[in-house]
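Welcome, and thanks for opening the viewer. Let's take a short walk through this model together, one selection after another.

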Amino acid sequence: ETPVAPAGDSRDSRDKNENRRNNEENRPAPQNNRVRAVPKNSSQSSHNSAERIRRVELATCFRKLSSLLPTYRHSDLDKHQMPKIKVLTDAKSYCLHLQKTLEETEDELETVQLRNAHLKQSLIEKRKKIYSD
């Protein structure tokens, strides 16, 4: 049904009203933007399941990593309360510390091995001198 234009309305005005009403009728219904509690299909369900497993594995890895760090090993803090960035930063620092300690120990080992070789050579020479006399 076409709206009746009030007196003094022009034909253009009636056409605009009719076009507006037609556009509103043809406009799609508004979408509901709520998050669905139930997955739409099995692929979404499997994705959600995989994501849940990934999060659990990640949390487990962070707990294991933090248990290896001296700062957290005997800590009364709940492992879930530790910020992940703090665990990663402390792990990096600890790895660098271990790397430096390893290098120092390797240098010390090399020094001791050289000294040991020198002492062995000295012992051989002294034994030769004793037996040759």
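**The whole chain**

Of the 133 residues of the chain, 6% count as buried. Keep in mind that you are looking at a predicted model. Show the surface if you like: the chain exposes about 12300 Å², with 53% of that area supplied by carbon and sulfur atoms.

Now switch to a cartoon view. Among the contacts with a separation of 6 or more, 18% are between residues 24 or more positions apart.

**Helix H4**

Next, select residues 84-132, which form helix H4. How far does H4 reach from its first C-alpha to its last? Its 49 residues span 71 Å, close to the 72 Å expected at 1.5 Å a residue.

Stay on H4 and pick out Val87, Asp90 and Ala91, which are buried. In an α-helix, residues three or four places apart point the same way.

**The core**

Now show side chains for Phe62, Leu69, Tyr72, Met82, Val87 and Ala91: these 6 residues make up the largest nonpolar core. Two of the buried residues you picked on H4, Val87 and Ala91, belong to this core.

For a last stop, center on Phe62. Beyond its neighbours within four places in sequence, Phe62 is in contact with Lys84, Val87 and Leu88.

How values were computed:
Residues are numbered from 1 along each chain as its sequence is written. This is a predicted model: local features need pLDDT of at least 70, side-chain atom pairs count only at pLDDT 80 or more; totals for chains, interfaces and linings use all residues. Side-chain values use heavy atoms; hydrogens and water are left out. Buried means under 20% relative accessible area, exposed over 50%, partly exposed in between (1.4 Å probe, protein chains only). Contact means heavy atoms within 4.5 Å. Accessible areas come from the Shrake-Rupley method with a 1.4 Å probe; for residues, only the protein chains shown count as cover. Helices (H or I, at least four residues) and strands (E, at least two) are DSSP runs, numbered from the N terminus. The expected span of a helix is 1.5 Å times one less than its number of residues. A nonpolar core is a set of buried Ala, Val, Leu, Ile, Met, Phe, Trp, Tyr and Cys residues joined through side-chain atoms within 4.5 Å.
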